[in-house]
Amino acid sequence: MAVTGIKLVETYERLVFALIARTIQDPSRAEDLAQDVFLRIHRGLPYFRGEARLSTWIYRIVANVCLQDQTRPAHVSLDDAQTRGVTSSGSDRRFSDFEVRDRLEKAIARLPPNYRLLIAAHYLDGVQYDELAEALNLPLGTIKTQLHRAKQQLRRLLETELK
């Protein structure tokens, strides 16, 4: 089955951008990296052998691009959250939800890039362990161990912040 460039972008743009945006945190940088990902996909498509699913191959490209981009520190500010459509209203419940979401995003941003990528892919985008292992070319046990360590580190960051 041949996939055209436009169809490929239409099919995977949300997936690619969501993973990058959760890993990188800076919306303008995430857009640049998403473009880089699709450029790499376009250039590499003739060499795609079909040994893995296309989505797994794309995840590998996203992971490589995100992990290579370590030139800017990640941060989340109240202004960034509001530009993504998260606003606080007079309601205590909505503000509480916003506060929890903000704390979580800040804690995720403090994780090492490889942990941010794993947390975003598995817990926020629903990528299964075996797909991650294949995309990152790592043993399944290593993926499970790294996800466990990422969760532990995230838990420690959140607990430290609450104290």
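At what angle do helix α6 and helix α7 pack, and how far apart are their axes? In this predicted model, helix α6, spanning residues 113-124, packs against helix α7, spanning residues 129-136, at an angle of about 145°. The axes of the two helices lie 10 Å apart, and the crossing is right-handed. On the side of α6, the contact is formed by L117, L118, A121, H122 and Y123, which meet Y129, L132 and L136 of α7. The residues of this contact comprise 7 nonpolar and 1 polar, with no charged residue.

Helix α6 also contains L124. With a relative accessibility of 40%, L124 is classed as partly exposed. When residues up to four places away in sequence are not counted, L124 touches R22 and I119. The C-alpha atoms of L124 and A18 are 8.9 Å apart in space, although the two residues are separated by 106 residues in sequence.

Helix α2 comprises 18 residues, 27-44. The distance from its first C-alpha to its last is 25 Å, close to the 26 Å expected at 1.5 Å a residue. The buried residues of α2 are A30, L33, A34, V37, F38, I41 and G44. Viewed down the axis of α2, these buried residues fall within an arc of 140° and therefore line one face of the helix. In general, an α-helix has 3.6 residues a turn, so residues three or four places apart point the same way. The buried residues of α2 pack against α1 (5-24) and α3 (54-68), whereas Q35, H42 and R43, on the other side of α2, are exposed.

Notes
Residues numbered from 1 in each chain as written. Predicted model: local features only at pLDDT ≥ 70, side-chain atom pairs only at ≥ 80, totals over all residues. Heavy atoms only, no water. Axes fitted to C-alpha atoms, helices over the stretch in contact; angles between N-to-C directions. Helix = DSSP H or I, 4+ residues; strand = E, 2+ residues; numbered from the N terminus. Left-handed = near helix turned anticlockwise from the far one by under 90°. Contact = heavy atoms within 4.5 Å. Nonpolar A, V, L, I, M, F, W, Y, C, P; charged D, E, K, R; others polar. Expected span 1.5 Å × (residues − 1). Buried < 20%, exposed > 50% of the residue type's maximum accessible area, 1.4 Å probe, protein only. Arc of directions from axis to C-beta.
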